Amino acid sequence: MQRECLSREARLRRSYYQVLRDELDQFVIGYSLVGSYNNFLRLRTPYPFVELRELKPRARIPSMEFDAQNSFLIIFTEDFIDKKHKKYIRYFDANKTTKTNLLGHKYFPNVENFDRNSKYFETGEFFSLLRSLLPVDYALLIQRNQRTKVQYALTHFHVRVDWPIADASETLAKYLRYISKDLYEKGDKYAENLQKKLFEYYGVPVMSGGRRTAAIVAAQYFRQFDAITTIYVASSESRSLLRIDEKGVSKSVLVKLSMDQVKVLADLAKISQNSFTKNYVVARQDKSYICILNVRYDHTSHSLPSEGGRMRELNFDTNWLTVAEEHILPKPSVIKYGPIPYKMIYV
């Protein structure tokens with residue numbers, strides 16, 4: 001639901017959610033990209049930079065996994081999930097973030113001194129807890145504390161998303177008016193193509209691994225809620241951070257820039273080259289400067305609701321995403337400087 005349509009109380013909660021999400025953005029960028037780069041450094045292994053062509057809509061991504069790349073899936077929802085959704089979003093007492101459950105978690109350090117308050121977003125220990133749980137399989141769930149109006153907590157870990165891909169595809173296809181009732185109403189091939197288009201709608205290849213597939217299914221499932229949800233997924237295959245939220249899809253990756261590009265960016269930001277290096281460069285590699293590129297995608301007319309709600313036929317060859325914005329982001333620890341618009345993909 002759009003912020004303008006909310007009550008004053010709900011608008012306040014959304015503003016608070018968005019402030020917390022800004023903090024979470026910085027943490028996950030640091031962990032997924034900068035942290036992964038440092039992992040490769042420690043192993044004395046060249047970092048597998050994403051090629052810019054891989055950021056184009058419908059691009060094929062090499063199906064090679066890198067163990068040093070940090071991978072995770074986070075579901076951060078504005079409200080709490082009602083128990084009726086447990087059929088598809090599998091969060092139970094057995095995977096709550098309690099001391100008893102964490103005793104069986106091999107990654108979690110010093111569990112004997114676990115403070116149950118550390119699961120709350122507002123506490124100083126929240127990100128330490130989050131970091132320790134990110135390597136766990138499946139998803140981490142951050143949601144509103146059911147007993148309060150505006151307090152968020154990492155309530156569950158090892159959360160499985162068990163909604164079938166066919167159901168997710170059917171829901172999206174009905175919303176876009178490519179079908180009226182059933183995924184298979186126009187035949188098996190049509191249904192297969194619609195399922196492939198679900199992946200494209202959320203900016204991932206059809207043969208994506210488990211975390212990215214779970215991420216797009218979760219993103220589609222949570223669209224039925226009035227509250228907004230943000231999905232973060234990083235995979236060892238894509239070497240990128242994918243964020244799916246109420247505005248659509250964006251990806252962040254590490255890129256190598258030349259000295260000439262750094263000069264251009266410093267001029268664009270109206271800052272000195274030293275200031276740019278200090279606030280935007282996460283590492284140096286020979287003569288290259290390593291920075292964070294963020295790409296935001298827009299949906300094309302083919303992946304927006306049809307005019308007047310008319311039924312339409314799927315043309316599989318049309319693009320459902322287009323590159324909308326590209327920015328070089330400041331380092332995660334920087335708060336004074338903002339993203340710098342900079343086109344790289346189609347140059």
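Biologist: Which residue takes a positive phi just after α7?
Modeller: Lys 270, at about 60°. Helices here are DSSP runs (H or I, at least four residues), strands are E runs of at least two, and both are numbered from the N terminus. This is a predicted model: local features need pLDDT of at least 70, side-chain atom pairs count only at pLDDT 80 or more, and totals for chains, interfaces and linings use all residues. Residues are numbered from 1 along each chain as its sequence is written, and side-chain values use heavy atoms, leaving out hydrogens and water.

Biologist: Which residues of α7 are buried?
Modeller: Val 262, Leu 265 and Ala 266, in a helix that runs 259-269. They sit on the same side of α7, because they cover an arc of only 100° around the axis. That arc is taken from the directions from the helix axis to the C-beta atoms. Buried means under 20% relative accessible area, exposed over 50%, partly exposed in between (1.4 Å probe, protein chains only).

Biologist: And what does the face turned away carry?
Modeller: Exposed Asp 260 and Asp 267.

Biologist: New topic. How many salt bridges?
Modeller: The count is 18, taking a side-chain nitrogen of Lys or Arg within 4 Å of a carboxyl oxygen of Asp or Glu.

Biologist: What does Lys 186 pair with?
Modeller: Glu 313, with the closest N and O atoms 2.8 Å apart. Lys 186 is partly exposed at 32%; Glu 313 is exposed at 55%.

Biologist: Which residues form a network?
Modeller: Salt bridges link Arg 13, Asp 79 and Arg 144.
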